[in-house]
Amino acid sequence: MGRGIIEPVDDIRTSNPPTNPELLDALTKDFVESGFNLKHIMRTIAHSRTYQQSIKTNKWNKADKINFSHAVARRLTAEQLLDAIGVATGSRPRFEAVPKNFRAVQLPDSKVKDDGFLKLFGRPERETSCECERTTEVSLAHAMNLINGPTVADALIDPEGRIAKLVKTGSDDRTVVEELYLATLSRLPQENEYAVAIEHLANAESKEEGTQDLLWALINSPAFLFNR
């Protein structure tokens with residue numbers, strides 16, 4: 001949802017009351033009656049109209065930040081983002097001392113080493129139980145890493161990655177564009193997006209280079225980087 005009914009979520013005290021006490025009480029009652037079933041409470045929230053709100057605002061709720069009147073676009077966490085890049089490029093990140101194809105969200109603790117991506121993007125050190133250890137702010141360092149950092153660059157040119165396989169199979173341009181959009185944004189391109197992408201592939205020095213450019217652009221788009 002972008003924020004808690006109590007915010008921060010672990011700061012429960014009389015001087016920091018919930019924004020909607022009735023909602024919190026109703027969720028508490030439902031959770032207890034379900035036998036403390038986490039899947040049940042998550043399903044209840046995900047099926048609610050509030051959870052399914054658009055990030056688009058109107059003149060009445062534009063300034064609202066506490067009443068859940070619209071969705072809030074928020075950057076993927078460090079682990080989610082690294083795994084999403086792996087899915088999009090078909091190149092799984094590699095970590096020290098863990099099995100091959102381990103996902104970032106499966107890492108047992110923050111001591112497992114990577115190329116620095118997770119630390120830069122705010123993975124918590126897990127030295128305390130405070131939610132404040134994790135950071136999700138967007139900074140220039142994040143943008144520069146995604147634009148020309150080694151994580152995305154190496155994934156794009158991985159000889160076992162998605163692009164290498166697409167080029168090897170000789171897929172036509174429209175098929176390539178569709179697969180890249182589905183892999184990154186989980187949707188098919190719109191007609192104007194088809195036109196721009198296919199034109200770029202046609203004018204690129206090579207199909208491989210043009211495909212890398214297109215996937216790079218999609219990975220750096222807000223639609224990929226933010227949960228919206």
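## Salt bridge between D173 and K207

The side chains of D173 and K207 form a salt bridge with an N to O distance of 3.8 Å; the term requires a side-chain nitrogen of Lys or Arg within 4 Å of a carboxyl oxygen of Asp or Glu. This pair links distant parts of the chain, 34 residues apart, with D173 in helix 8 (residues 173-185) and K207 in helix 10 (residues 207-219). Helices are DSSP runs of H or I with at least four residues, numbered from the N terminus.

This is a predicted model, in which local features need pLDDT of at least 70 and side-chain atom pairs count only at pLDDT 80 or more. Residues are numbered from 1 along each chain, and side-chain values use heavy atoms, without hydrogens and water.

## A network around R174

The structure holds eight salt bridges. R174, E178 and E191 are linked in a network of them. R174 pairs with E178 at 3.8 Å between the closest N and O atoms. Both lie in helix 8, four residues apart, so about one helical turn separates them.

R174 also forms a salt bridge with E191, again with the closest N and O atoms 3.8 Å apart. Here the partners are 17 residues apart, with E191 in helix 9 (residues 191-203) and R174 in helix 8.

## Exposed and buried residues

E191 is exposed at 56% relative accessible area, whereas T151 is buried at 10%. Buried means under 20%, exposed over 50%, and partly exposed in between, with a 1.4 Å probe and protein chains only. T151 lies in helix 6 (residues 150-156).

Technical notes: Helix = DSSP H or I, 4+ residues; strand = E, 2+ residues; numbered from the N terminus.
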